[in-house]
Amino acid sequence: MEEHIKEYIKEFLAQKTWAVVGASKDPSKFGNKVYRRLKKCGYIVYPINPNLTELEGDKCYPSLSALPTLPDVVSLIVPPSVTEQVIDQCAELGITRLWMQPGAESEAALQKGLAKGLKLIHNECVLVQTRPS
């Protein structure tokens, strides 16, 4: 693991507010597993999915810009082409921490994020790094 990734993981997990882009109602999907795990670990978590109005009783938002408050960390569980668009949104909104779940990253997304000065975690699963207390 790249050394800065270890530091980023500690930094990201110390934050309180997360957004899960690609949140899903389907319990077998990672967009649902990550959302539920972060909530169980005590984080404030906003689900982002333009096709849902609620997720497990919580209001679901169509985009990051629709959130009532900016998250400290954005977890991405979407195809790389969507990740590349979300990177632009994060940069515009001033969100600097992005965790790309395996499969959400691409070389283009990584280069774009780095060029915009964002802190990126990739090739790491947030499910592996978090444990409910």
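In which sense do S1 and strand S2 pair, and over how many bridges? Select residues 17–21 for S1 and residues 44–48 for S2: the two strands pair in the parallel sense, over 5 bridges. The model on display is a predicted one.

Now show the side chains of S1. Thr17, Ala19 and Val21 point one way, while Trp18 and Val20 point the other way. In a regular strand, side chains alternate between the two faces of the sheet.

Select residues 73–76 next, which form strand S5. S1 and S5 run parallel and are joined by 4 bridges. Centre the view on Val21 to find its bridge partner in S5, Leu76.

**Helix H4 and its surroundings**

Move to residues 107–115, helix H4, and highlight Ala109, Leu110 and Gly113, which are buried. Look down the axis of H4: the buried residues fall within an arc of 100 degrees, so they line one face of the helix. An α-helix has 3.6 residues a turn, so residues three or four places apart point the same way. Turn to the face of H4 directed away from the buried side, where the exposed residues Glu107 and Ala115 are found.

What covers the buried residues of H4? Select helix H3 (80–93), strand S6 (97–100) and strand S7 (119–121), which are included in that cover.

Ser106 is the next stop, in the loop between S6 and H4. This serine is buried, with a relative accessible area of 17%. A polar atom of the Ser106 side chain lies 3.0 Å from the backbone nitrogen of Ala109, a residue already seen among the buried ones of H4. Leaving aside neighbours within four places in sequence, Ser106 is in contact with Pro80 and Glu84.

At the other end of the tour of this helix, select Gly117, which follows H4 and has a positive phi near 75 degrees.

Most residues other than glycine have a negative phi. Select Glu56, in the loop between strand S3 (54–55) and strand S4 (58–59). The phi of Glu56 is positive, near 50 degrees, and the residue is partly exposed, with a relative accessible area of 48%.

Then go to Asn123, in the loop between S7 and helix H5 (126–129). Asn123 is not a glycine, yet its phi is positive, at about 60 degrees. With 52% relative accessibility, Asn123 counts as exposed.

**The cysteines**

How many disulfides does the structure hold? The number is 0.

Notes. Residues are numbered from 1 along each chain as its sequence is written. This is a predicted model: local features need pLDDT of at least 70, side-chain atom pairs count only at pLDDT 80 or more; totals for chains, interfaces and linings use all residues. Side-chain values use heavy atoms; hydrogens and water are left out. A disulfide is a pair of cysteine sulfur atoms within 2.5 Å. Buried means under 20% relative accessible area, exposed over 50%, partly exposed in between (1.4 Å probe, protein chains only). Two strands pair if DSSP finds at least two bridges between them. The arc is that of the directions from the helix axis to the C-beta atoms. Contact means heavy atoms within 4.5 Å. A polar contact is a pair of N or O atoms within 3.5 Å; within protein, one must be able to donate a hydrogen and the other to accept it, and residues adjacent in sequence count only if both atoms are side-chain atoms.
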